[in-house]
Amino acid sequence: MGVVIIDGSTVRAFVADDEEFKKSVDESFAALDLNNDGVLSRSELRKAFESLRLLESHFGVDVVTPPEQLTQLYNSIFDRFDCDGSGTVDLQEFRSEMKKILLAIADGLGSCPIQMVLEDDDQSFLKKAADLEAAKLHAPPS
């Protein structure tokens, strides 16, 4: 377990690093694509968001949300990712929406640093952003 400190510039730098950002998003996409068909179905994307428990808890405390309301929320998230209305989310759509989400997080953080306690094997985008920043700070001068 470790503590990382990030702010909006850390997240923006991660998104701006095309190679690292695409690699991370592509790895996440592949992990979510359970049937390996190259697209995410509604159920595959829902499983990903359910695992994050963003909608079922409030500051770590479970909240009861009616199942039909949860379904409606997850469907609206899926529709946001499915830009072309094809009924699936391809890699380009996933990259585009993840970029928007991370830039929104960066805007929300602004220049105020936050501390995050993360497991060593955490593979979240924010952890990857912090790791990229740390690698730059510890790189030998050119």
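Aspartate 7 is buried, because its relative accessibility of 16% falls below the 20% cut-off. This is a value from a predicted model. The residue sits in the loop between strand 1 (2–6) and helix 1 (8–16). Its contacts, leaving out residues up to four places away in sequence, are Leu109, Gly110, Ser111, Cys112 and Pro113. Take serine 111 from that list. Along the sequence, aspartate 7 and serine 111 are 104 residues apart. In space, their C-alpha atoms are 5.6 Å apart.

Serine 28 is another buried residue, with a relative accessible area of 18%. Helix 2 (residues 18–32) holds serine 28. Beyond residues up to four places away in sequence, serine 28 touches Phe94 and Phe125.

| Residue | Residues touched |
|---|---|
| Aspartate 7 | Leu109, Gly110, Ser111, Cys112, Pro113 |
| Serine 28 | Phe94, Phe125 |
| Leucine 45 | Leu40, Phe78, Phe81, Val89, Phe94 |

Now the nonpolar core. In soluble globular proteins, nonpolar side chains tend to be buried together. Here the largest nonpolar core has 30 residues. Which of them touch the most other members? They are Phe14, Leu45, Phe94 and Leu102. Several elements give two or more residues to this core: strand 1, helix 1, helix 2, helix 3 (42–52), helix 4 (67–81), helix 5 (91–109), strand 6 (114–118) and helix 6 (125–138).

Next come the aromatic rings. The model has three aromatic pairs. One of them joins phenylalanine 14 and phenylalanine 21, with ring centres 5.9 Å apart. Their planes meet at 75°, which is over 60 degrees, so the pair counts as edge-to-face. Are these two residues buried or exposed? Both phenylalanine 14 and phenylalanine 21 are buried. Elsewhere, Phe29, Phe81 and Phe94 form one aromatic cluster.

Last, the record. An unreviewed UniProt entry lists "domain: EF-hand" for residues 20–55 and 69–104. How much helix and strand does the chain have over residues 69–104? It is 75% helix and 6% strand there. The end C-alpha atoms of that stretch are 24 Å apart.

Key: Residues numbered from 1 in each chain as written. Predicted model: local features only at pLDDT ≥ 70, side-chain atom pairs only at ≥ 80, totals over all residues. Heavy atoms only, no water. Helix = DSSP H or I, 4+ residues; strand = E, 2+ residues; numbered from the N terminus. Buried < 20%, exposed > 50% of the residue type's maximum accessible area, 1.4 Å probe, protein only. Contact = heavy atoms within 4.5 Å. UniProt positions renumbered as here; feature names shortened; annotations may be inferred. Phe/Tyr/Trp six-rings, centres within 6.5 Å; stacked < 30°, edge-to-face > 60°. Core = buried A, V, L, I, M, F, W, Y, C linked by side-chain atoms within 4.5 Å.
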